[in-house]
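I opened this one to see how the chains are built and where they meet. Here are my notes, in the order I looked things up.

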Amino acid sequence: MNFETIVGIEIHVEMKTKSKMFSLAPITFGDKPNTEVALLDMAFPGTMPRVNKEAVKNAIRVSNALHMTIDHELWFDRKNYFYSDLPKGYQITQQARPIGSEGYLEIDLDGEKKRIHVERLHMEEDTCMQHHFSDYTLLDYNRAGIPLIEIVSKPEIRSGLEARKYVEKIREIVTYSNVSDGKMEEGSLRCDVNVSIRPYGSEKFGTKVEVKNLNSIANVEKAIDFEAKRQSELLLMGKEVEQETRRFDEAKKETVLMRKKTDAADYKYFTEPNIPPIKLSEEFIQNAIDTCPELYDHKLERFLTDYKLNSIDAKIILSDVEFANYYDEAAKFTKLYQALANYMISEVNGYLNKNDISILEFKVEPKFVAELVELVQSKQINSSQGKEIFAKMVKENKSPLKLQKELGATLISDEETIRKLVLEVLAQNVTLRDDYKAGKTRAQGFVMGQIMKKTGGKVNPGIANKVIVEELKK
Amino acid sequence: MNYLDLTLSEIHEALVNKQVTPLELTKEAIKRAKENKDNAFEMIIEEDAIKRAEELSKHEVPKDNYFYGIPYVAKNNLSTKGYETNASSNILNGYVPLFDATVIDALNKAGAILIGKSTLDELAMGGTGTSGHLGTTYNPYDPKHLHLIGGSSCGSAVAVADSIVPFALGSDTGDSVRKPASHSGLVGLKPTWGLISRFGLFPFAPSLDHVGFFTRSVKDSAIALNLLAFHDDNDSTSSFKPKVDYLKNLSSDVKGKKLAVITEIFNSIEDEAIKSSFLKLIEKLKNDGAIVEYINFDNKLLNAIYPTYMVISCAESTSNNANLDGIKFGPYLGGKTYQEVMYNARTNGFSPLIKRRFVLGSYSLMRENQQELFLRAQKARRLIVNKCNEIFKKFDAIILPASPTPAPLEKGSNEKVRNDYLAADNWLAIGNFGGFPSITLPMGFEDELPFGVNITCEPFNEVGMFNIASNVEKNTGFAGLSYQNHLEKEVK
Amino acid sequence: MKKVNKDVLKDAANRLYFDMTDDQYETLLEEFDTIQSEFELMGQIVGVDEATPMTFPFDVSIDYLRDDVPEEPLKAEDVLKNAGNVKDGQIKLPKVVG
């Protein structure tokens, strides 16, 4: 019997706002434990939540990118449960009225578009971080209260591959809209997937298994494929799939049981009485959308039409939003778009990889990269001079034009100087003119080779060619 | 006579005229606090208060800065930086907040001197003043300690009624300021929900919680509200309404004012002294030009007040107090697992009464019960508030006895959920349901125990409320009433 | 409304991470009797089922949101000052499993 895999995905995205969802504690990530904590984050009695405007804007932007209906009034609820990482004993979330509802995104399957519907998007707050040791656990409240967006898909995903594409798309939206780092390895994008299977043609859903702790997009795909296989083997053996929570074991590449699920937990939701309903005006919502940083699809379109980049290069540049933004900035200073793209992909990217840094840590102004591309392309310098200037530029963040002077990295462009060199070569090789006139164009290359040799390659090849031809024709 | 026996505004005048200094007042207040036998204090703040009073005494007392140099007391569920704030619950023993509640901060800035933190019913979840971890708080009007003062703001009421301070902060979720005020001959106010910031008030049921306070005159109440009513960014429910000068607008002219007496409530009162005192007061109000009408509310709605209050307040409180787990603050009692840590802290930290309330609240919120309990309570709340709003369309205020009896005896009183409560015993909670401004002030005495009258108005009509209260005060002659003053009058 | 019994209440209490003595459960059962019968009576109030549940005492809706500007955080030692079990600048608990 053949089974169809049914997958629904819940994604938690940690926002990169400057302050927390409901408190004014700063968020910088990676700081010492308990140094980014406000009164509310410790649930001290009498502290009260204050909704972060930027977090709301972020939620609007992502809702919009997912074609969702945006609620014009914000309501928050309490989700009540006890856990060691939950300071207040409840989490403030949006249960009854999520800010975004009923949207979709499209994934690309071998050129075919498939629409996956998104049920809801809401804002909530993160819990504190637990560091587990051999026989105790330490609590770091820096993470407590960081704004989260939760995005819940409809169970319309049918394979590990589709799930991967779905998560990639969400990741692309939240990173391009500058809402989140979207790093699964670091936990700023977290996936819980619900997997069930059913015989093809059946309308009824099978028993759902939840898989947690997926720390990379590749693992999402692997976990789902493994889980689908595990479940179908169970059914084929006449066994039942049990409702449970499993986690993905990266080493074994399989899902392992965490706990059996009893009846669904009761979170005793009720409206958060400390946050009044907040009306969002049409202008506010529209403004949040209008000021949203450019999303991937739009940027790609623009790179192909405005910069006329080939699609492979464009996609390479767009694979990292910050890299793409850098390219955009540099492109303001040159019209040599494809050359700039080539340079960014080979030279700049090579440098980043070699030093294991991100483009955000690359301290050279985009304008300077553009200038350098211009210098090389106009053959005012040769490629080894280009490399020399680049090496100094990344250290000093100075204009390549300045560096060119400092390094004396110029080419001989004066026609008369070049002519003198050419004439010297011709004088030593008297047959060259006749060879040339007899159609042996190789002579031209020979002369060029000789003068390059004499000058250590520092002759402007364009001008030299012109002079060589003139002299050979004489 | 001592200056502490005067009202806040009178003390202020004496300060301005240099008849007394903040230091003298503070020393006397601390002395009286120590002498008091009614179990009013969780903590008396002596050293710091005197230091501060000395500093304040070095300067000229600014005129019209009514709180400058005034000793005061705060209920121990208001966060005070550096001073243990435990809401009279063992689970918060030893908790020393890192911050001041907004109201504490405002009083500090105005130059008021905090001399003590007062007792309350545990976590403010009671109405008798018997359930705090230090035991029963008694009524200063009964030195034999047979009578209660009521709660939950019991200690603060004692502090003002016994002339320890002229002003004390409380909190009011059902009637926790206005009921003890009735039992202790005080002016007890809770203004419109959102008018005074709740930041730093330990939450019991936020949708019903209010910061309120006790004074010995209506004028003092208006003065205090002038100081404490302002928008506070730290409380998202804090009102953005422009400031009103309640003192400047204080008038006792009630000509043409329409007052509603809810018939069913008045009729349920059996205490003859209270009934006749109230009827006499109504006659006086009428003589001053007020129009008083008896109206019907709806007995079913009135009977719903108590259960509605119980379910909503307990449901919200079980969530608000879920932060009390022994992990971040409060006694850590250990355990083999984190669950045991929480279990030990909570089992030992809460009294049986509080636990029962939490179970009731939590049960009401459970998925299978929410529709029939919590949501039904929220729906009944709406109907009750709608009914009140209908009344406020036609009337300036509702006026009724604040309590059907004077202070109750300790013997026989308990906090058990019962079904024989009178609507007259619970009606003040409608002020919390609708967030209405509501003030209790003394109306009369029975067997040496005071009882009060209450005036409740529509949201943000504090001016109208003070107006009527001021006329009542004029007619009763009880401005400045305290236990000491009452005794002196008796002697004369 | 279905009747509550001691087991239901004990389970509810345990889910709130505390326990009570047997006589407290007895008292609580009596209290539930009262509350439940009163709520049944409330069900007879005309219009109660159709009413919108009320959280806020009146229309308190606002159109204001806090700007995303952080404030100085607490000092780490202050964060932990009131905690009873601390190690290496963090709150310590028995090992949390699952």
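**Entry 1: chain A as a whole.** I began with the secondary structure of chain A and found 15 helices and 16 strands. I kept in mind that this is a predicted model. Next I looked up the radius of gyration of chain A, which is 31 Å, well over the 23 Å that the globule rule gives for 474 residues, so chain A is more spread out than a compact globule. I also took the extents of its C-alpha trace, which spans about 100 × 60 × 50 Å along the principal axes. For burial, I noted that 43% of the 474 residues in chain A are buried. Of the contacts in chain A with a separation of 6 or more, 67% are between residues 24 or more positions apart.

**Entry 2: a helix pair in chain A.** My next stop was helix H9 (residues 366–377) of chain A and helix H11 (residues 400–407) of chain A, whose axes come within 9 Å and cross at roughly 55°. H9(A) and H11(A) are therefore oblique to each other. Which residues make the contact? From H9(A) I listed A:Phe368, A:Glu371, A:Leu372 and A:Leu375, and from H11(A) A:Pro400, A:Leu401 and A:Gln404. Sorted by class, the residues of this contact are 5 nonpolar, 1 polar and 1 charged. I jotted down a reminder about α-helices: with 3.6 residues a turn, residues three or four places apart point the same way.

**Entry 3: one residue in chain A.** I picked A:Val469, which sits in helix H15 (residues 461–473) of chain A. With 14 other C-beta atoms within 10 Å, A:Val469 is partly exposed. I also checked A:Val469 against A:Val447: they are 22 residues apart along the chain, and their C-alpha atoms are separated by 9.7 Å.

**Entry 4: chain B as a whole.** Moving on, I found 18 helices and 11 strands in chain B. Its radius of gyration is 21 Å, close to the 23 Å that the globule rule gives for 492 residues, so chain B is as compact as a globular protein of that length. The C-alpha trace of chain B spans about 65 × 55 × 45 Å along its principal axes. I noted that 64% of the 492 residues of chain B count as buried. Taking contacts in chain B between residues at least 6 apart in sequence, I found that 77% join residues at least 24 apart.

**Entry 5: a helix inside chain B.** Is helix H7 (residues 218–228) of chain B enclosed or open? I counted 9 of its 11 residues as buried, so H7(B) is largely enclosed by the rest of the structure. Among these buried residues are B:Lys219 and B:Asp220, along with B:Val218, B:Ile223 and B:Leu228. I looked for what covers them, and the cover includes helix H1 (8–16), helix H4 (102–110), strand S5 (187–190), strand S6 (211–215), strand S10 (438–446) and helix H17 (462–476) of chain B.

**Entry 6: chain B against chain C.** I turned to the interfaces and found 59 residues of chain B in contact with 43 residues of chain C. On the chain B side, the elements giving two or more residues are helix H10 (299–320), helix H11 (338–349), helix H12 (352–365) and helix H14 (374–394) of chain B. H14(B) gives the most, with 9 residues. I classed this side of chain B as 31 nonpolar, 15 polar and 13 charged residues.

**Entry 7: chain B against chain A.** Last, I looked at the contact of chain B with chain A, which takes 31 residues from chain B and 25 residues from chain A. Here H10, H11 and H12 of chain B are the elements that give two or more residues to the chain B side. H10(B) gives the most, with 3 residues. My class tally for this side of chain B reads 16 nonpolar, 9 polar and 6 charged.

Methods: Residues are numbered from 1 along each chain as its sequence is written. Chains are lettered from A and ligands numbered from 1 in the order in which they are written. This is a predicted model: local features need pLDDT of at least 70, side-chain atom pairs count only at pLDDT 80 or more; totals for chains, interfaces and linings use all residues. Two residues are in contact if their C-beta atoms, placed from the backbone, lie within 7 Å. Helices (H or I, at least four residues) and strands (E, at least two) are DSSP runs, numbered from the N terminus. Ala, Val, Leu, Ile, Met, Phe, Trp, Tyr, Cys and Pro count as nonpolar, Asp, Glu, Lys and Arg as charged, and the others, Gly among them, as polar. Axes are lines fitted to C-alpha atoms, for helices over the stretch in contact, and angles run from 0 to 180 degrees between N-to-C directions. Angles under 35 degrees count as roughly parallel, over 145 as roughly antiparallel, 65 to 115 as roughly perpendicular and the rest as oblique. The radius of gyration is taken over C-alpha atoms; the globule rule is 2.2 Å times the number of residues to the power 0.38. A residue is buried if 20 or more other C-beta atoms lie within 10 Å of its own, exposed if 12 or fewer, and partly exposed in between; C-beta atoms are placed from the backbone.
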